[in-house]
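Open the model in a viewer and keep the sequence panel beside it. The stops below say what to select next and what is there.

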Amino acid sequence: MNTRRFTSRRTAAGGFAAVGAALALLVSGCGSLTTSGEDAERETHSVEEGFHVGLLLPDLHTARYEAFDRPFFEEELAELCPECELSYANADGSVDEQQTQAQAMLTDGVDVLVLDAVDASASAGTVNEARSQGVPVLAYDRLAEGGVDMYVSFDNHRVGQVQAESLIAAMEEAGTAGDGKIVMMNGSPTDPNAASFKGGAHEIFEGQVDIGQEFDTPDWSPEEANAQMEGAITALGVDEIVGVYAANDGVASGVISALRSAGVAVDELPPVTGQDAELAGIQRIIAGEQYMTVYKAIRPEAQVAAAMAVALATGQEPELGEYQLSEIEDAAGETVQAVLLEPIAVTAENVGDTVVSDGIYSIEEICTDDYADTEFCQEAL
Ligand code: GAL
């Protein structure tokens with residue numbers, strides 16, 4: 001098997017100064033650190049000499065991975081470890097593909113794996129394989145099973161609560177709260193985050209709203225969400241639906257096009273939630289098609305991940321700046337050191353104060369011709 005088919009390699013070297021946090025991570029040479037159980041002895045590496053990092057991301061349906069996670073991680077790793085080499089792969093929603101990609105990276109001799117698992121429980125095999133080869137694993141965004149070394153994500157239970165609280169607020173504002181039913185369109189059943197979003201949302205909805213239909217969305221696919229929403233419209237009747245909990249912006253896009261195809265005018269759409277602050281999601285929000293999204297600041301998530309990857313490879317404590325390590329439990333009840341970041345709700349009211357002021361999107365990127373007439377763009381341009 002040719003590893004290059006699955007990974008694009010680049011050396012992170014060039015132009016970047018190893019300053020600040022990176023200096024604290026410098027170690028003078030290679031040593032070794034013995035871990036418990038059947039794990040192989042781990043070699044420790046140095047920032048001065050560099051080492052090889054493998055980054056595995058899960059899907060292409062969701063814009064964040066190629067647009068933000070990958071470049072932000074790459075940038076920060078180059079900053080912290082100019083001599084490091086990075087291999088990258090995106091599994092495009094396939095469990096088998098991700099296993100193949102991870103195996104290829106291990107065969108290629110990566111020194112640390114940063115894994116955003118397509119399927120958390122299936123990834124236990126990859127995690128075990130890495131450990132048996134003495135390669136530490138950092139769970140990125142989704143908590144892979146099998147005993148990872150560290151984890152960085154958002155407070156995913158809170159994401160679901162924020163989505164549900166916003167949906168209730170929108171229905172109250174529209175005066176439709178008690179009038180009909182909501183549809184819940186959750187995320188992928190193999191993604192542990194989707195279960196946390198769903199759990200957080202259910203906690204808020206309990207006793208507050210009537211859930212008419214509820215689905216998981218295989219592979220977070222907008223097309224699946226669209227088909228499932230068509231089914232919900234047929235089963236409930238479009239006029240009965242007073243709100244839709246959509247777990248992310250891709251799912252929201254499928255939901256909204258099903259509602260539009262059923263003849264619902266833009267200004268008659270029920271409030272629909274989302275997540276990821278995708279550009280298309282932000283544009284639907286300013287156009288009044290989607291009610292909200294959850295903005296998760298991916299730059300700090302990727303920066304923390306790069307600092308953790310460097311720490312795991314060098315056998316040092318991670319330098320996290322303003323972020324604190326906490327302890328969480330994985331699916332097997334093992335303690336994992338983690339950083340969990342805070343999600344933020346974005347509606348038409350605060351697009352400017354969130355994704356624009358954080359430099360995620362410029363006004364020009366948001367206000368393309370199709371959106372130039374929106375109130376947001378009229379005021380901003
Ligand atoms: C989740 C992630 C979300 C979204 C989704 C689909 O695990 O936290 O931000 O991207 O997967 O990829």
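This is a predicted model: local features need pLDDT of at least 70, side-chain atom pairs count only at pLDDT 80 or more; totals for chains, interfaces and linings use all residues.

Residues are numbered from 1 along each chain as its sequence is written, and side-chain values use heavy atoms, with hydrogens and water left out.

**Stop 1: the ligand**

The side chain of Asp59 has an N or O atom 2.7 Å from an oxygen atom of the ligand. For Arg142, a polar side-chain atom is 2.7 Å from a ligand oxygen atom. Lys296 places a side-chain N or O atom 2.9 Å from an oxygen atom of the ligand. How much of the ligand does the protein bury? Taken alone the ligand exposes 300 Å², and the protein buries 100% of that. Such areas come from the Shrake-Rupley method with a 1.4 Å probe; for residues, only the protein chains shown count as cover.

**Stop 2: salt bridges**

A salt bridge here is a side-chain nitrogen of Lys or Arg within 4 Å of a carboxyl oxygen of Asp or Glu. By this rule the model has 13 salt bridges. Select Asp59, Asp116, Arg142 and Asp191, which a network of salt bridges links.

Now select Asp141 and Arg64, a salt bridge whose closest N and O atoms are 3.4 Å apart. Asp141 sits in the loop between strand 7 (137-140) and strand 8 (150-154), while Arg64 is in helix 3 (residues 64-80), 77 residues apart. Helices (H or I, at least four residues) and strands (E, at least two) are DSSP runs, numbered from the N terminus. Are these two residues buried or exposed? Both Asp141 and Arg64 are buried; buried means under 20% relative accessible area, exposed over 50%, and partly exposed in between (1.4 Å probe, protein chains only).

Move to Lys198 and Asp216, joined by a salt bridge of 3.0 Å, N to O. Lys198 lies in helix 7 (residues 192-205) and Asp216 in the loop between strand 10 (211-215) and helix 8 (222-236), so this pair ties together parts 18 residues apart in sequence. Lys198 is partly exposed at 24%, and Asp216 is partly exposed at 30%.

**Stop 3: Gln228**

Stay with helix 8, which holds Gln228. Gln228 counts as buried because its relative accessibility is 15%. Setting aside neighbours within four places in sequence, Gln228 is in contact (heavy atoms within 4.5 Å) with Met185, Phe215, Asp216, Thr217 and Pro218.

**Stop 4: Ile182**

Last, select Ile182 in strand 9 (residues 181-185). Its relative accessible area is 1%, so Ile182 is buried. Not counting residues up to four places away in sequence, Ile182 touches residues including Leu167, Met171, Phe205 and Gln213. Which distance separates Ile182 and Gln213, C-alpha to C-alpha? Ile182 and Gln213 are 7.2 Å apart in space and 31 residues apart in sequence.

Technical notes. A polar contact is a pair of N or O atoms within 3.5 Å; within protein, one must be able to donate a hydrogen and the other to accept it, and residues adjacent in sequence count only if both atoms are side-chain atoms.
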